[in-house]
Amino acid sequence: KKGIARFIPLVVIAMVAVIGTYLLKDYLNFQALADNREALLEFRDDNYLLVIVGFILIYAAITAFALPGAGIASITGGFLFSLFPGTLINMFAFTLGAVITFLAVRYGFGDAAAKKMEESGGFASKIKKGFDENQWETLFIVRQLPILPFLTNVALSVIGVPLWRFVITTFFGILPGA
């Protein structure tokens, strides 16, 4: 993981986040959902599986690229697919987007940062050690707080959380918000 190529996923995420935020800010809101209610329901009824896949990809992109509208996406999932399976679809879509960010950061600099934290012997090392001793509990608590989920995904990658633990705690930890 040496060289500038490892930063390509991070650059792509940053570029899409900036461009997407600028272009989509007027479209990912409650008014757009209300204005397009009938068309969305009709399209869903005619193309149910396509709408599920499309919704998952859009919600995952919103999460991965820190685009505005994650709250609207969760509500839209419930609106389109009802409580069940809407909640599961929301959980899967958010987790997929979070994993994309997590892996991009890990690939770019996360592994090196986690190693430096561990080897530093200072305050950062103590934080990492304390976090590692209570990872499951801490991860579930972090996922209960829907504050800056993109930065949470970045931080968890930098701290060195194992991918499988990140996936499990993200999927089940976001249940209340899903």
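Which residues form a nonpolar patch on the surface?

1. The patch consists of Val11, Met15, Ile19, Tyr22 and Leu23, which together have about 540 Å² of accessible area. Like everything below, this is read from a predicted model.

2. Isoleucine 19 sits in helix H1, which covers residues 8–24. Its relative accessibility is 48%, so isoleucine 19 counts as partly exposed; the exposed class begins over 50%.

3. Glutamine 135 belongs to helix H8, residues 135–144. Glutamine 135 is a buried residue, with a relative accessible area of 5%, against a limit for burial of under 20%.

4. The side chain of glutamine 135 has two polar partners to check in the viewer. One is the side chain of aspartate 132, in a polar contact of 3.0 Å. Another is the side chain of arginine 165, where the polar contact is 2.6 Å. Leaving aside residues up to four places away in sequence, glutamine 135 touches Gly160, Val161, Pro162 and Arg165.

5. The aromatic residues deserve a separate look. Seven aromatic pairs are found in a search of the whole structure. One of them joins tyrosine 48 and phenylalanine 81: the ring centres are 5.9 Å apart and the planes stand at 85°, so this pair is edge-to-face. Tyrosine 48 is in helix H4 (residues 48–64) and phenylalanine 81 in helix H5 (residues 70–81), so the pair ties together parts 33 residues apart in sequence.

6. Tyrosine 48 is partly exposed, at a relative accessible area of 36%, whereas phenylalanine 81 is buried, at 3%. Both also belong to one aromatic cluster, made up of Tyr48, Phe55, Tyr59 and Phe81.

7. A stacked aromatic pair is formed by phenylalanine 102 and phenylalanine 166, at 4.2 Å centre to centre and 20° between the planes. Phenylalanine 102 lies in helix H6 (residues 83–120) and phenylalanine 166 in helix H10 (residues 163–173), so this pair links parts that are 64 residues apart in sequence. Phenylalanine 102 is buried, with 0% relative accessibility, and phenylalanine 166 is likewise buried at 0%.

Note on methods: Residues numbered from 1 in each chain as written. Predicted model: local features only at pLDDT ≥ 70, side-chain atom pairs only at ≥ 80, totals over all residues. Heavy atoms only, no water. Helix = DSSP H or I, 4+ residues; strand = E, 2+ residues; numbered from the N terminus. Buried < 20%, exposed > 50% of the residue type's maximum accessible area, 1.4 Å probe, protein only. Polar contact = N/O pair within 3.5 Å; in protein donor to acceptor, adjacent residues only side chain to side chain. Contact = heavy atoms within 4.5 Å. Patch = residues over 30% accessible without salt bridge, like charges linked within 9 Å, V, L, I, M, F, W, Y side chains within 5 Å. Areas by Shrake-Rupley, 256 points an atom, 1.4 Å probe, with all protein chains shown as cover. Salt bridge = Lys/Arg side-chain N within 4 Å of Asp/Glu carboxyl O. Phe/Tyr/Trp six-rings, centres within 6.5 Å; stacked < 30°, edge-to-face > 60°.
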